Number of protein chains: 2
Amino acid sequence: MSGFARLSTEHVSLDTALHRWAAVDMISTEDLPEWARSTVDGYAVRAEDTFGASDSIPGFLEVTAAVEMGRIPDTVLRAGQAAQIPTGGFLPSGADAVVMMEYTNHAGGSCIEVMRPITVGANVLERGEDIKSGETVVRSGKVLRSQELGLLAALGIDRIPVYLRPRVAVISTGDEIVSIEKKPRPGQIRDANSHSISALVSASGADPIAFDIIPDNANMLSSSLERGLDLGDLVVLSGGSSVGARDLMVDVVSSFEGAEIMAHGVAIRPGKPTMLAGWKGKAILGLPGHPVSALIVAQVFLVPFLRYLQGCGLVKGPLGHRMNAELASSIHSTIGLEEFIRVGLTRTAKGACFAHPVFGKSGMLSTMVKADGLVVVPINTEGFARGDMVEVVSW
Amino acid sequence: MSGFARLSTEHVSLDTALHRWAAVDMISTEDLPEWARSTVDGYAVRAEDTFGASDSIPGFLEVTAAVEMGRIPDTVLRAGQAAQIPTGGFLPSGADAVVMMEYTNHAGGSCIEVMRPITVGANVLERGEDIKSGETVVRSGKVLRSQELGLLAALGIDRIPVYLRPRVAVISTGDEIVSIEKKPRPGQIRDANSHSISALVSASGADPIAFDIIPDNANMLSSSLERGLDLGDLVVLSGGSSVGARDLMVDVVSSFEGAEIMAHGVAIRPGKPTMLAGWKGKAILGLPGHPVSALIVAQVFLVPFLRYLQGCGLVKGPLGHRMNAELASSIHSTIGLEEFIRVGLTRTAKGACFAHPVFGKSGMLSTMVKADGLVVVPINTEGFARGDMVEVVSW
């Protein structure tokens, strides 16, 4: 799917950039901090004045100033002198370390005793020690979490270049599908996919566009797809549970001039009937109609692709936090299919982590609700035995 | 913090319920599926008609009907008969299993050969097998992911009871703090905390309310806090890096009639100067002024509390995905303090996971950006050795 181009970029303000991906390397034009700062409450000193100090033979220093927050102190510290300094306070000239309050005593008048020797730079953040002017602060393709935003704020960077949020046309198809506010007639079922896939699209930082449900009818599907390609940066169709409906979807997509069917049927379970096509640089993803298959295929293909469009590297799905766990019961899989097994996770008091395959037929949506994640069984593996350490992608 | 009451609840539509927490047990009033459905393309049969079938001695069945999607079939299957059925099709009366297409052959006329015996219920999702009427679909306190929303959609449940999103007044304090669009004068620093804490509030499903920066002045802090308590469901102050400013914050909170200081100074690092107070059922959290400490304390106390207010159980922070990893270098910690160590995570091709303590002084924001998560060193532990398996809370 790396053949598709990323969207164009825009600049957003810091406060709307959460969970987007940086579109370029972001470079600082300042040193952080801009002046050496204390990281503790104590006394700014010249470190060499403390060499040899101990509880029994403390060093004596004269306190000649008190550093105020928000100002560069105008005093210059000379040998034998100290300046009281709060956490975050800027060091006076001449000082090169800070003694913590706890390791000092008042010694009468303006003098203090220092009980410990400290090294140059102790309890000090030097100018530019956090970030140097010219340094890359956030690399292109990195997701912006609270800490990235905090660092950018500290550097005064308020306009963040990010890729546009993909607009995703989400179209459910099928003669048997009715919208969720309707009471299905016998034989009909409600449209779970529009809602679950749209939620997954939102959770991936993209914007779903809601479409009406389309019956298994070539003309209606064709005009809905056309509108989807017009409004969306990509189109996600779901449906075609049965062979006939699957063929219909592929036929309709193929009928678009310049459309290219890139995959039709993939060696995964669940999700075999998945279709991927391209049309004028836009992707068309055909998910299976079954709600469980549709959601798993969306995890495997759609979520990584949506993140890729937003500037993240293209990584193999399913996406989530990867962790190792001990398999609590055996998993049997079919050679020739990459299989995604739903598991629940438990953790013992001692920290051992177990993956429990969720009981129940594959088609049950309730098994998805019970699952905390997926175990991927590779295509040429017959399964895993109870007690094996497996990788779980947790949601 | 479980002494604070949760917020009141509201009903939201399915499409706006993503990542909120169910406020009550949600019960189905329907069976899912409402009628036995096929999970494959094939032939609906009476299982006993296939007993003994094999490649060499196939069973012969007469195909008397074809099930259409979206309709309950009106045929009744009798001994020796089969009905063609698509994936998702509803079983005709009399049928109790589905033979996959792959295990059948056309045998001339309307007859098929069946090569395999199948058991009752094979390739069928029975009525109510996924969810039974009266069954709890989503338990109170469970977060709503795409799959929960899919299941609720399938059951026609479109009004979801959830707790209100907490409104959080985020107030930065300190004489040295200026807003990020300003160029700091010598001695001043930009307000990283408003932005990073607000982002963390948003990421926790709550709504931050932006406030002006307040200098270390009792009257101004008092009126800002009053406004924060008026507009917000809780107030997060940050600042008071130095002893004097810390005392000021506590004095101002204490001056509110009925305010109760519940903690002032906690045995964690970073984050010792944290303050927790309550006033008329609303929490006031005082974070350290230092951006790194503020973010870690917010992870440890604020994020779990915001989730608790929204219906999630109160769990000990920091919050994130918990995984085990091997420590790549030793960590030294102080007895008497629970310590949070920033780590980067790497994973070998074979799946082994390593936690690398991030190099750099604790006060550097850049170390937060380099970190993938935290290792918690318990209060009475001196640290962990290289090679120890540790639990990482990944962000």
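Okay, let's start with one residue: B:N123 is buried, with 22 other C-beta atoms within 10 Å. Buried here means 20 or more other C-beta atoms within 10 Å of a residue's own, exposed means 12 or fewer, partly exposed is in between, and the C-beta atoms are placed from the backbone.

Quick housekeeping. This is a predicted model, so local features need pLDDT of at least 70 and side-chain atom pairs count only at pLDDT 80 or more, while totals for chains, interfaces and linings use all residues. Residues are numbered from 1 along each chain as its sequence is written, and chains are lettered from A and ligands numbered from 1 in the order in which they are written.

Back to B:N123. Its phi is near 60°, a positive value in a residue other than glycine. You'll find B:N123 in the loop between strand 9 (111-114) and strand 10 (124-125) of chain B. Strands are DSSP runs of E, at least two residues, and helices are runs of H or I, at least four, numbered from the N terminus.

B:K280 also has a positive phi, near 50°, and sits in the loop between strand 20 and strand 21 (282-287) of chain B. Buried or exposed, then, for B:K280? It counts as exposed, with 9 C-beta neighbours inside 10 Å. As background, most residues other than glycine have a negative phi, and most peptide bonds are trans.

The peptide bond from B:L32 to B:P33 is cis, with omega near -10°, and B:P33 lies in the loop between strand 2 (26-27) and strand 3 (37-38) of chain B. Another cis bond joins B:R269 and B:P270, with omega about -5°; B:P270 is in the loop between strand 19 (268-269) and strand 20 (275-279) of chain B.

Now the sheet. In chain B, six strands form an open, mixed sheet, in the order 7-4-6-5-9-8. Strand 7 (97-100) and strand 8 (104-106) of chain B are the edges, each pairing on one side only. Pairing means DSSP finds at least two bridges between two strands.

Let's look at strand 6 of chain B. Four of its five residues are buried. Strand 4 (residues 42-45) of chain B pairs with strand 6 (residues 81-85) of chain B in the antiparallel sense, over three bridges. There, B:G42 has B:I85 as its bridge partner, and B:Y43 stands opposite B:Q84. Strand 5 (residues 59-66) of chain B runs parallel to strand 6 of chain B, joined by four bridges, with B:A66 opposite B:Q84.

What about the core? The largest nonpolar core has 221 residues, and among those touching the most other members are A:L152 and B:L152. Such a core is a set of buried Ala, Val, Leu, Ile, Met, Phe, Trp, Tyr and Cys residues joined through C-beta atoms within 7 Å. Leaving out residues up to four places away in sequence, B:L152 touches B:L14, B:M26, B:V137, B:V138, B:I157 and B:I160.

Last, the two chains together. How many residues does each chain bring to the contact? It's 73 from chain B and 73 from chain A, with contact meaning C-beta atoms, placed from the backbone, within 7 Å. Elements of chain B that each supply at least two residues to that side include helix 2 (192-203) and helix 5 (291-309).

Note on methods:
Two residues are in contact if their C-beta atoms, placed from the backbone, lie within 7 Å.
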